[in-house]
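Open the model in your viewer and keep the selection tool at hand. This tour tells you what to select at each stop and what you will find there.

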Amino acid sequence: MPTVLLIDSLVRSLQVGSLYALMALGLTLTLAVVKLPNFAHAELITLGAYVALVASFWGLNNLLAMLVLCFIVTAAVAVLSYKAVYKPLERRKPSIYTMILASFALGLILRYVLFLLVDRFDFFDKRIKIPLEIWYQSKTMILTNIFFWVVPTSLILIILLSLLLNYTNLGREMRALADNRALARVQGVQVERVYYFTWILAGGLAGVAGALWGIYTSINPLTGWLAILSVFAATVLGGMTSFVGTILGAYVVGLSENFVMQLLNHYLGLDFSFKPAIPFIIIILVLLFRPQGLTGFMDGFRTRAIRRQTNP
Amino acid sequence: MNLLTIDKLTAGYGKLTILHDLSLKVEKGQYLGILGPNGSGKSTLVKSIFGLTDIFSGSIKISGQELVGVATENICKRGLAYVPQRQNIFATMTVRDNLLLAVRHLRRPKAHRALQDAYALFPILAERQQQSAGLMSGGERQMLAIALAWLGKPQIMLLDEPSAGLSPLFVIEIFKLLRRLCESGITLVVVEQNARSLLRWCDYAYVLREGKLAFEGSSSQILADEETVKSYLGVGGTAFSQRIAE
């Protein structure tokens, strides 16, 4: 296989994997803390992409300002959706299925409102207006300014989020709620307040991820929905509620969709149109053989190591 | 002086009533035992104090302030702490993160000092600091659970079966520790099925049966007066009276 193709698919894997990680972390956060598999997360991603697009058409070309704007708008929509839909529902002590259906419904409503607006102002399949520049070129590799925006921004946000979760009181409260809600309340954790912060973080990250996605490729109102399947695959691969697992899962999905797809295409002649099937295959395989996800495997490994230390 | 007063409490879960018109009081500095056979409502009683059940009528007052209707997450601010029987630690977090969560309201130097105090009182936790709490033994978990409650600087600590599932050695360890906490000025309310070992340590006990008060007295009184206890609990009918009689 030509080296150019190989390296190009690895670069794409890294780029897409970082974006999946940003999207999946928000999803895992709501799943772990609020106990809601939020399908409307997809529309927050699309919304972020469109906020960036509209801002760029209005002449905003500072990328950092654009990302901050997206974070604020989607975080606000996420908080609003909690206040208007999930919180009133929660008071009726619904089953998890009710909550999933509600998130589906909310997602559909947001998606078709977006469709109407996009249709009205003719924003189908547009790319965010950021001039494409080549920042690095060699015989085998071309890296654009987009790569240098997408990958470091995602990594910085992932690092910031993990610092927040591990070293701040808010982070400990979130993890405590994810672990044992009743005990967290006994310890005086203000559930409502932590939920709001969770929605702000999850929504904001989805928006930023959507904006970066829109810089990387053209967008339409289905962008988030198509991405969310890969994102769910990353979350499942990470064991549903583990943050480290989710990040690893996102890169594994990114690699499978690009690098592995490229290999399959080159050696077995598999058509690229099979690419959307990859996340489904991953979800089914993980649920069949490793329902505890990647980190479940690492936890088992660690337990054995500790046992060996304590009883030699 | 009464620190905690429970008056005509009727409580349960949904349509199920478990406690019927129960009244009792806890004095400041007391080491109080709540005894009774399985299903007598002991756990429901402490859960009710923490707002984790449905309260149908009656009142629960701490230093004269009403607790019924206060949300669970606001009760620790009133000087109460609760150690549930099961799932009483954050198993996926490290021991240190568990403790840091309990001192999160303090400023950094104070929090650091509180943590050092906890390590002095519970030396095993200092050794296990970086370990995931879920990987500890039953006794170590119980120590961590008590430390979590203790770090909130409560006036009164409620413990639900702290000796359940522990080895006899650890049971003694836990009861010794509780005695020390009581001597440091914390009022204790301990729910136990293991009546004989608790009565050796506590000052006063209430015996519940079918959600009602069956008997009360100082622990020496209860230990001495086996016949009374038996008649309250039904002769030889329950594991509890058998254990008392042993």
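Helices (H or I, at least four residues) and strands (E, at least two) are DSSP runs, numbered from the N terminus. This is a predicted model, in which local features need pLDDT of at least 70, side-chain atom pairs count only at pLDDT 80 or more, and totals for chains, interfaces and linings use all residues. Residues are numbered from 1 along each chain as its sequence is written, while chains are lettered from A and ligands numbered from 1 in the order in which they are written.

**Stop 1: a loop in chain A**

Select K35(A). It sits in the loop between helix 1 (3–34) and helix 2 (41–57) of chain A. Look at the backbone: K35(A) is not a glycine, yet its phi is positive, about 60°.

K35(A) has 14 other C-beta atoms within 10 Å, so it is partly exposed.

**Stop 2: the whole of chain A**

Now select chain A. It holds twelve helices and two strands. From the N terminus on, the elements run α-α-α-α-β-β-α-α-α-α-α-α-α-α. The radius of gyration of chain A is 20 Å, close to the 20 Å that the globule rule gives for 312 residues, so chain A is as compact as a globular protein of that length. That radius is taken over C-alpha atoms, and the globule rule is 2.2 Å times the number of residues to the power 0.38.

The C-alpha atoms of chain A fill a box of roughly 60 × 55 × 35 Å along the principal axes. Of its 312 residues, 46% count as buried. Two residues are in contact if their C-beta atoms, placed from the backbone, lie within 7 Å. Among contacts in chain A between residues at least 6 apart in sequence, 77% join residues at least 24 apart.

**Stop 3: where the chains meet**

Show both chains. The contact takes 18 residues from chain A and 21 residues from chain B. On the chain B side, helix 2 (72–75) and helix 3 are the elements that give two or more residues. Helix 3 of chain B provides the largest share, four residues. By type, the chain B side divides into 13 nonpolar, four polar and four charged residues. Here Ala, Val, Leu, Ile, Met, Phe, Trp, Tyr, Cys and Pro count as nonpolar, Asp, Glu, Lys and Arg as charged, and the others, Gly among them, as polar.

**Stop 4: the four-stranded sheet of chain B**

Chain B has eleven helices and ten strands. Four of the strands form an open antiparallel sheet in the order 2-1-4-5. Two strands pair if DSSP finds at least two bridges between them. Strand 2 (16–27) and strand 5 (65–66) of chain B stand at the edges with a single partner strand each, so one side of each has no neighbour in the sheet.

Zoom in on strand 4 (residues 54–62) and strand 5 of chain B, which pair over two bridges. I62(B) has Q65(B) as its bridge partner in strand 5.

Then select K8(B), in strand 1 (residues 2–13) of chain B. Its phi is near 45°, a positive value in a residue other than glycine. K8(B) counts as exposed, with 12 C-beta neighbours inside 10 Å.

**Stop 5: the six-stranded sheet of chain B**

Next comes an open sheet with mixed pairing and the order 6-7-8-3-9-10. Strand 6 and strand 10 (212–218) of chain B are at its edges. Select strand 3 (residues 31–35) and strand 8 (residues 187–192) of chain B: they run parallel, joined by five bridges. In strand 8, E192(B) is the bridge partner of L35(B).

**Stop 6: an enclosed helix**

Finish on helix 6 (residues 138–150) of chain B. Eleven of its 13 residues are buried, so helix 6 of chain B is largely enclosed by the rest of the structure. Among the buried residues are M143(B), L144(B) and W150(B). Their cover includes strand 6 (80–83), helix 4 (108–121) and helix 7 (168–183) of chain B.

Key: A residue is buried if 20 or more other C-beta atoms lie within 10 Å of its own, exposed if 12 or fewer, and partly exposed in between; C-beta atoms are placed from the backbone. The expected span of a helix is 1.5 Å times one less than its number of residues.
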